[in-house]
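User: I am new to this structure and would like to go through it step by step. Could we begin once it is displayed?

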Amino acid sequence: MGLIKKNPAAVPDEEIEKLRAKSRFRPLTSRDLGVPEKRDPLASQESLDEFTAETFTKYTPAEKAELARMYTPEQIAALEAGEATINPRDLTIQGRLRTDIYRMPYIDDFAEHQPIIDKRPPASRSRKISPPDPNARFMNTDEFVSDLIQWADKFRVGEPTGTLRRLEDFVPEEWKKVKEGQWPGEVRDDAHKEFKKYLQEEINKAAKQQENGGVVSGGPTDADVLSYIIERSVMTDKNIQTQSSLALALPDKVPGVAGLYKAAVDPADEGLDETGIYQDLKRRSGMSVQEILALQCKTLVVNYVSNQTRMGKIQSTVTIVVAGNGDGWVGLGYAKSQEPMVAATKARLDAISKMRPVRRYENRTIFGNVEAKVSGTVVKLFARPPGFGLRVQHRIFEICRAAGIYDLSARVPRSRNPMNTVKATFEALFNQKDPEEIAMGRGRKLVDVRKVYYGGATQ
């Protein structure tokens, strides 16, 4: 460095770069730090075989015996078939296994019992373990009551719950299948006497078994009730114990939750609005679902917009829809969403909710000539005689057909931007001059003003 300070021009540039890049500290290797060097399993064929044998070991006889105790023979056969399919050498060549202390347990050892993942097998192996019922569902009220009675019968006093003898059991055989109202008087009286006597005997039997201040011996303890709440199955699987942790799907209608998060279907809709997308529109507009579906709706403009954000380009769709009843009512809907179908649905609902009446001359054309300008787009509409038809561009054609206008011509002399064309057409239709206001301003009768619009041509 002293040489550079004295005469930097005398030292070549290569030497200067070497001096600048050279560190003041001596580099240390893993051997200097006492860290054992890692071997490369792919260095040679011997190292590959040695690493494969050490890393992917086969099951020992003790491990196989442990697996046989925890799994069925069919499951053992599946494990052996899976291990025979995978070649350990391929795992060594194509994959890498972390050996640091922070490694994740990527390889699952089925010989080790993990309480979080594995379900504890039952203590008794005497009875056969059945697989879980795939058709099991949550019990309804009647099934839950029946299951509760079945559990309570284990602690019963006297006759089992729900199995007491009935009144029909005290009549002769020929009258057991006959309704009580059809029994003869003597048979009915004898049956009632015997039934009351039987019930009194059951009451006396239960009273004799009460001891220690009215505590019935043999009843369920607090531990039994807690075990029933925690361990008893709430599914219709007959409370079977399995070694599988298969999660059963929820039913379509969960008791206590069904109907809370789904709008009730109106019978007047006749099944036309099962999803309920027209319910809010029906309430605000006063129309039925049948009337809403009968409206003419047409998509006029679909624009795809991409917004650049820090998360990338977020694409969305802008949709304009026209809706009308074909008889003087028309509306324009605008919606934006990331999903095209959602944008179309929202725009259609918006157009129906914004429908307004538009003026029509003789229910077929407009009152005179109108013009509207939106941004750089100018739309000129001209009234035409009967039978002229709609000689306009396709977007204006759909608007006129939804509004119930059949004789019209139009010109778009300047910009033909689709969105501005639609907006200018609506502005022109709703800004027609009212003939009554013109007549009042001129001091004329309405019939005199309408003469100049006869057939759409001046006289």
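User: Is arginine 232 buried or exposed?

Analyst: Arginine 232 is buried, with a relative accessible area of 17%; buried means under 20%, exposed over 50% and partly exposed in between, using a 1.4 Å probe and protein chains only. Please note that this is a predicted model, in which local features need pLDDT of at least 70, side-chain atom pairs count only at pLDDT 80 or more, and totals for chains, interfaces and linings use all residues. Residues are numbered from 1 along each chain as its sequence is written, and side-chain values use heavy atoms, with hydrogens and water left out.

User: Where is arginine 232 found?

Analyst: Arginine 232 lies in the loop between α9 (222-231) and α10 (279-285). Helices (H or I, at least four residues) and strands (E, at least two) are DSSP runs numbered from the N terminus.

User: Which residues does arginine 232 touch?

Analyst: Leaving aside residues up to four places away in sequence, arginine 232 touches Asp147, Gln150, Trp151, Lys154, Ser227 and Asn239. Contact means heavy atoms within 4.5 Å.

User: What does the side chain of arginine 232 do with aspartate 147?

Analyst: The two side chains make a polar contact at 3.0 Å. Such a contact is a pair of N or O atoms within 3.5 Å; within protein, one must be able to donate a hydrogen and the other to accept it, and residues adjacent in sequence count only if both atoms are side-chain atoms. Arginine 232 and aspartate 147 are 85 residues apart in sequence and 9.6 Å apart in space, C-alpha to C-alpha.

User: At what angle do α7 and α9 pack?

Analyst: Helix α7 (residues 141-152) packs with α9 at about 145°, and their axes are 12 Å apart. Axes are lines fitted to C-alpha atoms, for helices over the stretch in contact, and angles run from 0 to 180 degrees between N-to-C directions. From α7, Phe144, Asp147, Leu148 and Trp151 make the contact, and from α9, Asp224, Val225 and Tyr228.

User: Changing topic, what is the strand order in the antiparallel sheet?

Analyst: This open sheet of four strands runs β3-β4-β5-β6; two strands pair if DSSP finds at least two bridges between them. Its edge strands are β3 (296-309) and β6 (356-357), each pairing on one side only.

User: How many bridges join β3 and β4?

Analyst: β3 and β4 (residues 312-324) pair in the antiparallel sense over 13 bridges. Valine 301 has isoleucine 320 in β4 as its bridge partner.

User: Which helix packs on that sheet?

Analyst: Helix α13 (residues 394-403) does, touching β3, β4 and β5 (329-337).
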